[in-house]
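Biologist: I'd like to learn how to read a model like this one, feature by feature. Could you walk me through it?

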Amino acid sequence: MRKICLVSILLMGLLIAPSSAMAGWSPLQVAVWHPAQLVPDDWDVYGLRMNLLYGKNKNVWGLDLGAANTTEKKVRGIQAGLINGPGNLGGIGLGGINSTRRVDGCQAGVFSVAEERVNGIQLSALFNNSPVVRGLQLHAGIFGNFSDDVMGAQIGAGLPTFNQAETVRGLQISAIGANNANQSMKGFQFAIYNFAKAMSGVQLGIVNYAEEMKGLQVGLLNVVEDSPIPFLPIFQVGL
């Protein structure tokens, strides 16, 4: 039965391919291991791409399924596989390893990486990494969330978890772990240990540390370097 289905797909592709050859696109792609695939890697796929082991194309619009899914430029739709990348993702990417240039939508996997930015949601069991985040990094395992510039939230729900960023406007939450904003934090931090170089907002944790503070620290030990009283238990207010 499986052989019959595979032969049927291949025959369908052979019938489709000539009609779209001049345009350099196909509604169907079936790949065994690049370059052993139905249509060339410089063609676009509008419809369905199935990568039995490893397939490669310029762009994919629609459904992209397989063991290793690679695009030169972008994917628009749903991409699901063991390995996804490295083209830009617009839509939903589900995989063991996600490594793309840019995400506009949702990226979820064992670990998720965007080389340029995330506009949307990045989920992982090991770690999330993107230089720029406009939305949410949600981690539910070990390690954590890593970024340079966050506008939105970094949330860790595993044991232990770590949120790392240079600048944050929004939330950093680590149920059991630490938050670190190396430059500035505007918003709310919640963790066992919170650090921000310049904090504007609220830090809630066991230990809270800020070099400069405009707002409130609540915890067992609260440290503000530029305060007249640098160390205080229970709470510290920075004006």
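Predicted model: local features only at pLDDT ≥ 70, side-chain atom pairs only at ≥ 80, totals over all residues.

Biologist: Where does glycine 91 lie, and which residues does it touch?

Modeller: Glycine 91 lies in strand S4. Leaving out residues up to four places away in sequence, glycine 91 touches Gly77, Asp104, Gly105 and Cys106. As for glycine 66, it is 25 residues from glycine 91 in sequence, and the two are 17 Å apart in space, C-alpha to C-alpha.

Biologist: Now the strands. What holds the strands of a sheet together?

Modeller: In general, strands of a sheet pair through backbone hydrogen bonds, in either a parallel or an antiparallel sense. Here, eight strands form an open sheet with mixed pairing, in the order S2-S1-S3-S4-S5-S6-S7-S8. Strand S2 (36–37) and S8 are the edge strands, each pairing on one side only.

Biologist: Which strands pair in the parallel sense, and over how many bridges?

Modeller: Let's take them along the chain. Strand S1 (residues 25–33) pairs in parallel with strand S3 (residues 44–84) over seven bridges, and alanine 31 stands opposite asparagine 51 in S3. Strand S4 (residues 88–139) runs parallel to strand S5 (residues 143–156), joined by twelve bridges; arginine 134 has methionine 151 in S5 as its bridge partner. S5 in turn runs parallel to S6, with twelve bridges between them, and there alanine 153 stands opposite leucine 171 in S6. Strand S6 (residues 161–174) pairs in parallel with strand S7 (residues 177–224), again through twelve bridges. In that pair, isoleucine 173 faces phenylalanine 190 in S7.

Biologist: And which way do S7 and S8 run, parallel or antiparallel?

Modeller: S7 and strand S8 (residues 231–238) run antiparallel, joined by seven bridges. A hairpin of six residues leads from S7 to S8.

Biologist: How should I read the nonpolar cores? Which residues make up the largest one?

Modeller: Look for buried nonpolar residues joined through their side chains. The largest such core has eleven residues: Val133, Val150, Ala165, Val168, Ala181, Met185, Ala196, Met199, Ala210, Met213 and Val224. S6 and S7 each supply at least two residues of this core, and S7 gives the most, with seven residues. Apart from this core lies another, of seven residues, including Val45, Val75, Leu89 and Val118.

Biologist: If I zoom in on alanine 210, what is it in contact with?

Modeller: Setting aside neighbours within four places in sequence, alanine 210 is in contact with Ala196, Lys197, Met199, Gln203, Gln217, Val223, Val224 and Glu225.

Biologist: Last topic: pockets. How much space lies in the largest one, and which residues are nearest its centre?

Modeller: The largest pocket holds about 150 Å³ of space. Its lining has 13 residues, with Glu212, Met213, Lys214, Asp226 and Leu239 nearest the centre. S7 and S8 are the elements that give two or more residues to this lining, and the largest share, seven residues, comes from S7.

Technical notes. Residues numbered from 1 in each chain as written. Heavy atoms only, no water. Pairing = 2+ DSSP bridges. Helix = DSSP H or I, 4+ residues; strand = E, 2+ residues; numbered from the N terminus. Core = buried A, V, L, I, M, F, W, Y, C linked by side-chain atoms within 4.5 Å. Buried < 20%, exposed > 50% of the residue type's maximum accessible area, 1.4 Å probe, protein only. Contact = heavy atoms within 4.5 Å. 1 Å grid on protein atoms, 1.4 Å probe; cavity = no way out; pocket = protein on both sides within 12 Å on 5 of 7 lines; lining within 4 Å. Points joined across faces, edges and corners; volume = space filled by probe spheres on them.
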